[in-house]
Number of protein chains: 2
Amino acid sequence: MGSSSGSEPRRVTIHDVARSAGVSRQTVSRALNGKDEIEVSTKQRVLDAARELGYRPSRFARGLVRQDTTTIGLVVPDLLNPFFTEVAAAALEAARARGWHVVVYDTADRAAEEIGTLQVIGTQVDAVVGYFSCSEDELDQFTRGMPMVLIDREPRTARFSAIRIDGEEGVRAAVAHLVGRGHTRIGMLDQVGRAAPSPRREWFTAAAAAHGVDAGLVAGAAQSADGGGAGLRALLAEHPEVTAVFTFNDIVAVGALREARRLGRSVPRDLAVIGFDGLALGALVEPPLSSVALDTRRLGALAIDQVGRLLTGAEPLEAADLVVRAELRLAGSA
Amino acid sequence: MGSSSGSEPRRVTIHDVARSAGVSRQTVSRALNGKDEIEVSTKQRVLDAARELGYRPSRFARGLVRQDTTTIGLVVPDLLNPFFTEVAAAALEAARARGWHVVVYDTADRAAEEIGTLQVIGTQVDAVVGYFSCSEDELDQFTRGMPMVLIDREPRTARFSAIRIDGEEGVRAAVAHLVGRGHTRIGMLDQVGRAAPSPRREWFTAAAAAHGVDAGLVAGAAQSADGGGAGLRALLAEHPEVTAVFTFNDIVAVGALREARRLGRSVPRDLAVIGFDGLALGALVEPPLSSVALDTRRLGALAIDQVGRLLTGAEPLEAADLVVRAELRLAGSA
DNA sequence: CGCGCAGCCGTGAACGTTCACGGGAGCGCT
DNA sequence: AGCGCTCCCGTGAACGTTCACGGCTGCGCG
């Protein structure tokens, strides 16, 4: 019962078209791929036959014989986070410029999803670029010999290439700016749930130390606006003296901004806020968000460029060139 | 001259692994794919040999013989617009649940890119879902017989399936709400640059007429926050009496919100704003954005579901089921 | 002893396309 | 007439993998 109609309807192949048009496979191939060495009338006849039969070439058969289609996998923790969206958009654009295809995977910020993803991805793409939090061993195990470019992560081995995000100077400038405005109690909303302290935290700590202010006013925050709000609440509960806050990223900062408003704290008068990432979103909120800004466009393009070099066997970029530096961009919030 | 090392290093095939391990192709295949009918020690030997040689199976050869890997193409006008990002994320998730792969293409909101995209996509995916503005003829010409699901577009022929966005009721509720608050001069910021008036504009016109208010207070706006700002400025310049505005989408609304602030108009006291889409972004701005909200998650899932049915030959969903209804969600801005 | 069976492995074939090559028809020229 | 060239077109082979089948061993059992 039901509606599926009996035996599988065998795929329409190039043979069928050839037979229908009364020519050979090769002639069909010529017609379809726009080669010459074919008469116009013949070409038209083949094209008509192909349309008639609803023929579409098998990408597998084609890919098998010509090695020219490359597909790269892009893995992001959360597409709904605008930062990753910006990076993805940049990567997409860079890939399109090279005629490559990009399949996107969202790991929902869970390490388990990462290896699950790698498992299926491993056999479906020619190279991988993206964000990973799982161990290098796991990473290697499921990508065996595939070119890989990690973003915002320092690999221990030469097995992986990586794009480094360097915010040291930018964060120092941010802290300097806050200190210059008279702030001495500067808090931070750091990423929560990671084992090691984040590099951004370390940059903050170093910068605070350099300016002689306390670097211990830290609370954790989940990677979301709500997380930022909750984080700010927690931070202020524990350290009411805080007058300025640096956040792990802009999403968290925007949440903090909103929470400050709810708490009746005027920004930047009662509380200065500086985020990290420099998202376009920052210009939409009130007051506009100051941020240690990253060139996401360059980040995505760089990743694609490097993965391309690994793929084609060209000279890969040096680690020194694989860096995206963040710089302070001031707006109304600090 | 340069660094590329002479002749192409022939690909490592299953034969090489077989020879190296002293077994047959089939045994290698068994080992790699985790089938049984193979001795443990043999399996290990094969696995070692494979790793040793850096072997990775060809997805083309594999795909050719087993028909089980399906890839669908997702085409969006602008990944940086959070609305499309939300849809994309939902589609990605739905596809992953089925074990399908999704390659994403960004057409940069240009019709020329659309057919360029279709051209390359046509031979690389099994089905397409997405947003298109080009003609159905062009659409058909480059997708010839491929299952297609169009989003937010009413196809004239049965060649295409489509997900309809129905905001009629939601927009009517929005206008009703504004009228109930005493607004009689309600403007709209419509999409600009399209030939025909947008359905959202028509819903607005009908709703305004139903409530006996002028529906002619309309200005165009580009699809961005800046566009929304400029649009509001233009609208108020021409119709200073406007006290409320409905926008084509939330991005435009957020831009209008910002512009209102700059113009010294307090929202919602001096100017009420209601957007369309119901983005998460709306909750981040001040005041929070009222919006005729769409369930983007359902939208993406629905599209994938339908394309899956077309692909597998299952009973496709009726047009009546392929609808996402928008409903008014009130917040602070109106 | 012979038979059957389970466990392990190998051999052709097939998937659908493009590439390299070869061949026939038609035409112009010597 | 004969040669050569251009224009079309077709034939085997190859791409790298899995599937279907068949074969060989060794063991248990009647």
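**Close-up views of a predicted model**

**View 1. Strand β9 of chain B and its neighbours.** Strand β8 (residues 244-247) of chain B runs parallel to β9(B), and three bridges join them; strands pair if DSSP finds at least two bridges between them. Helices (H or I, at least four residues) and strands (E, at least two) are DSSP runs, numbered from the N terminus. B:V245 has B:V273 of β9(B) as its bridge partner. From β8(B) the chain passes through α11(B) to β9(B) in a right-handed β-α-β crossover, that is, with the strands pointing away from the viewer, the path from the first strand over the helix to the second runs clockwise. Four bridges link β9(B) to the parallel strand β10 (residues 290-293) of chain B, where B:S290 is the bridge partner of B:I274.

This is a predicted model: local features need pLDDT of at least 70, side-chain atom pairs count only at pLDDT 80 or more, and totals for chains, interfaces and linings use all residues. Residues are numbered from 1 along each chain as its sequence is written, with chains lettered from A and ligands numbered from 1 in the order in which they are written.

**View 2. The side of chain B that touches chain A.** Here 41 residues of chain B are in contact with 40 residues of chain A (C-beta atoms, placed from the backbone, within 7 Å). Elements giving two or more residues to this side of chain B are α4 (59-65), α5 (82-97), β2 (101-106) and α11 (250-262).

**View 3. The surroundings of DNA strand D.** Of the 25 residues around DNA strand D, the nearest are A:S24, A:T27, B:I14, B:S29 and B:A61 (near: C-beta atom, placed from the backbone, within 6 Å). The largest share of this surface, four residues, comes from α4(B).

Methods
Contact = placed C-beta atoms within 7 Å.
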